[in-house]
Structures are given as structure tokens and as C-alpha cells.
Amino acid sequence: MTPNARLIESFYEAFARRDARAMSACYAADATFSDPVFTLQGAEIGAMWSMLCNAGKDLRIEARDIAADDRTGTADWQAWYTFTATGRPVHNEIHADFTFADGAITSHRDVFDLWRWSRMALGRKGALLGWSPLVRKAIRRQARKRLEAWMASAPQPPQSDPMFRAC
């Protein structure tokens with residue numbers, strides 16, 4: 001297993017433990033993250049993982065098909081949890097692409113079907129309207145608002161520091 005494949009594996013092991021501090025330590029300080037809901041940079045990434053780990057009381061994570069070379073990597077992962085806003089169960093299937101530099105994640109892109117997610121998380125409303133640009137924009141706006149509130153109120157894990165490498 002390459003060092004970067006081990007980094008991805010450590011990241012998902014930390015996620016399975018809901019250890020946002022260890023997850024954050026896997027990223028470079030100026031890393032970027034994107035998925036169908038968020039576009040983040042730097043410390044915002046650790047804040048997002050901290051918020052999601054805190055909310056995911058019944059969160060279960062499984063990662064597979066982890067592969068990486070010196071510059072790039074991929075993984076497929078699944079998450080099972082209760083969406084706190086509606087109390088509905090979600091089983092999300094995600095493909096992740098990574099880039100690396102100096103033993104840290106510099107970019108992380110998760111891809112999943114937002115309409116599928118919205119059907120599970122939002123129920124009838126998501127099934128009927130989750131495909132629409134207006135609902136997708138509302139999901140992104142609400143998620144960003146929730147993240148900003150979290151960052152304002154909760155202590156955040158430090159972004160990656162060469163002296164602190166838990167990953």
C-alpha cells in the first residue's frame with residue numbers, strides 16, 4: 001500500500017470513529033474540498049467534518065477500493081445516518097477523488113447523486129423536487145448557513161500542521 005493510500009485509509013478510519021480532529025490532520029492547510037453541497041477551503045473543511053461527526057450520532061462509514069499513487073487517489077465510500085433536520089434515514093454512496101502533496105490531502109472531491117440523497121433525507125419533497133436547481137440551491141444555502149453557525153459556535157479542530165500528524 002502506498003503512503004497516500006494509507007493516508008486515505010487513515011482518513012476513513014478516523015471518519016468511522018467520528019474523529020474530526022484526526023480527519024482534519026490529513027489535509028494541507030490550504031486544501032480544497034467540494035461535493036454537491038459544499039465548496040470549502042482550508043479550515044472550513046475541518047469545521048464541516050466536525051459538524052457532521054457531531055451531528056451523526058448513528059453515523060456508520062465504510063470505505064473500499066482505496067487506491068493512490070504519489071499525486072492522486074480515489075476511494076468509494078458509504079455513509080449510513082439519520083438526517084437530523086428530518087429524522088429520516090440516509091444511505092449515501094460516494095466516490096472520492098484526492099490529490100496530495102507533502103504527505104497531505106491538497107484537494108478532495110466527493111461525488112454523489114444529490115437527487116437520490118434528497119429523496120432519502122427530505123422524503124416526498126426531495127423525491128418530487130430534489131432534481132430542480134432551486135431545491136439544490138436551497139440545500140446548498142441551508143448547509144452553508146448551518147456550517148457558518150457551527151463555525152461561529154463550536155471550537156474547531158486545527159487544520160493540518162506538520163508538527164501534528166495524526167493521519
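This briefing covers the pairing of strands β3, β4 and β5 and the largest pocket of a predicted model. Because the model is predicted, local features need pLDDT of at least 70 and side-chain atom pairs count only at pLDDT 80 or more, whereas totals for chains, interfaces and linings use all residues. Residues are numbered from 1 along each chain as its sequence is written, and side-chain values use heavy atoms, with hydrogens and water left out.

**Strand pairing**

- Strands β3 (residues 60-68) and β4 (residues 72-83) run antiparallel and are joined by 7 bridges; strands are DSSP runs of E of at least two residues, helices are H or I runs of at least four, both numbered from the N terminus, and two strands pair if DSSP finds at least two bridges between them.
- A hairpin of 3 residues connects β3 to β4, and Ala68 stands opposite Gly73 in β4.
- β4 also pairs with β5 (residues 88-101), in the antiparallel sense, over 12 bridges, with Ala96 in β5 as the bridge partner of Ala75.
- The hairpin of β4 and β5 has 4 residues between the strands, and Gly87 takes a positive phi near 75 degrees there.

**Largest pocket**

- The largest pocket holds about 780 Å³ of space; a pocket is an open set of points on a 1 Å grid over the protein atoms alone, where a 1.4 Å probe fits, with protein on both sides within 12 Å along at least five of seven lines, and a volume is the space filled by probe spheres set on the points.
- Its lining comprises 33 residues, with Leu52, Tyr81, Phe83, Trp117 and Arg146 nearest the centre; lining residues have an atom within 4 Å of a point.
- At least two lining residues come from each of α3 (43-55), β4, β5, α4 (114-122) and α6 (133-153), and α6 gives the largest share, 6 residues.
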